[in-house]
Amino acid sequence: MLILGIVLLCSFSVFADINHYYKIDLLYNQGNLSYQNLAVQPSPQQLQNPEGRYIAEVVSYDNKILNLTFFVIPLTVFYDRADPETGELNDGGVITLQRLQTDLYVPYYANAKEINIYDQELIKKLSIDVSSYAQATKEQKASPAFPEAETAPSAAKEETPELPIIEPKIKPKTKILLGVLIGIVMILTLVALLLILKRRIK
Amino acid sequence: MKRQGQVTIFVIAGIIILTLIGAILAFRTTIIKEEIKQEEVAPLLSTSIQEYVESCIQKSGEEALLFVAQHGGYYQLPELAEQELLLPYYFYGNKSHVVSREELEKQISRYMDDNLFFCIRNFAPFRKAGYEIKQEEVSTSITVLPERVVFDVTFPITVTQDALSKQLLFFSRNVQSRIGTMREVVTDFMAEQEKDATALCVSCLVNPAIEADMRTEITPVRNDTIKIILIDEKIPYEFIFLNQYYVG
């Protein structure tokens, strides 16, 4: 009973911290890669992509490689065709897809700047800016390599609410106006003084 | 001649005084106009940031409730949980281990504290527009009600552009969810189950679920363990947990 109890207790593991992953909605189109959506989401388990020869490389602000994820873009589909009357397989083959949408999960890093995706020939196919998801630690903030105010000039849609447009620009016209008025008053005073002087000389 | 000269001096002095009064008046009007402009801009800026943060609370809140419900009311699973299925045991060792309301609120708030950042994304769109934004730690307080969940978020933010600065602290959003009702249904079911721990009391679960416009799915996962899914028909949520029965 004691052993059984110990075994049961051991089977309940205390879960470590929640993992976070970049979820990239990849689009393959005739050899070209792009992405439609990017988000960071939590997961209580390790998320793994089916392994393949594509590589997702997570790069930090100081250009260090933080992680390499190998994944596949499943372009090949095997199919069988059965005779509807007899149920026997009478045909089959392979289809190679030209366009495909797939989800890619890459481990999240608080100091990641970008994710680069390479194909099987190690040719860079896509670069994704993830800097807006970076969280600066005290050490990183002190480092010039971490541009705190850097924004994400990404062309793809990131899952963020729409920003209300406001343009609160105030031009400091006051000082200019005051200067002009004082100038006019001074010129008038000078003209008046000159006129008085001229009359007195006469 | 002297009189004429004196008159001229008085006229000139008058002109100068009038010009100065005009200048002062014009200057004051400009100041007032600028003050009005600043007063108009400050709330506009704070409103847009407030809306931005609150829409993120809404989005992250909806995600939090989905995540937590799918993991039996937990963001971080308790010790009494199944490792592969990532689900807590609600009935184990003939005892109920249903998540308490306080624990449920704590778990949802943890999700928000951890994940709001990924929606806010360092206020990237605002920084792009030229604002300097300083943010501090997020702290969330959750109130689970029968038909909704209230997210009260304390998130100190200071927004600056040019000489204009604004501080924001509290944000709040209500998210439609019956996660509280789901927990109540399961709690009542577990109370009945504890009375007779030898077998699964299906009616103890199904009847209160139907009364609350919910349906249930029961799947065996092992000889002694079943997975129970409570599905809300009104707002599509799935509340999932495990029950383990002693097989003698």
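**View 1. A:E57 sits in strand β3 of chain A, which spans residues 54–60.** Strands here are DSSP runs of E with at least two residues, and helices are runs of H or I with at least four, both numbered from the N terminus. This is a predicted model, in which local features need pLDDT of at least 70, side-chain atom pairs count only at pLDDT 80 or more, and totals for chains, interfaces and linings use all residues. Side-chain values use heavy atoms, without hydrogens or water; residues are numbered from 1 along each chain as its sequence is written, while chains are lettered from A and ligands numbered from 1 in the order in which they are written.

**View 2. Which residues are in contact with A:E57, leaving aside its neighbours within four places in sequence?** They are A:I65, A:N67, A:L68, A:E114, A:I115, A:N116 and A:Y118, where contact means heavy atoms within 4.5 Å. With A:Y118 there is also a side-chain polar contact of 3.1 Å. A polar contact is a pair of N or O atoms within 3.5 Å; within protein, one must be able to donate a hydrogen and the other to accept it, and residues adjacent in sequence count only if both atoms are side-chain atoms.

**View 3. A:E57 is buried, yet has no salt bridge.** Buried means under 20% relative accessible area, exposed over 50%, and partly exposed in between (1.4 Å probe, protein chains only). The nearest side chain of opposite charge, A:K124, is 6.2 Å away; Lys and Arg count as positive, Asp and Glu as negative, and His and the chain ends are not counted.

**View 4. A nonpolar surface patch brings together A:V180, A:I184, A:L188, B:V11 and B:I15.** Together they have about 390 Å² of accessible area, computed by the Shrake-Rupley method with a 1.4 Å probe, with only the protein chains shown counting as cover for residues. Patch residues have over 30% relative accessible area and no salt bridge; nonpolar side chains (Val, Leu, Ile, Met, Phe, Trp, Tyr) are joined within 5 Å, like charges within 9 Å. The largest share, three residues, comes from α3 of chain A. B:I15 lies in helix α1 of chain B and is partly exposed, at 40% relative accessibility.

**View 5. A:I187 belongs to helix α3 of chain A, residues 174–201.** A:I187 is exposed, with a relative accessible area of 54%. From A:E114, A:I187 is 73 residues away in sequence and 63 Å away in space, C-alpha to C-alpha.

Definitions and conventions
A salt bridge is a side-chain nitrogen of Lys or Arg within 4 Å of a carboxyl oxygen of Asp or Glu.
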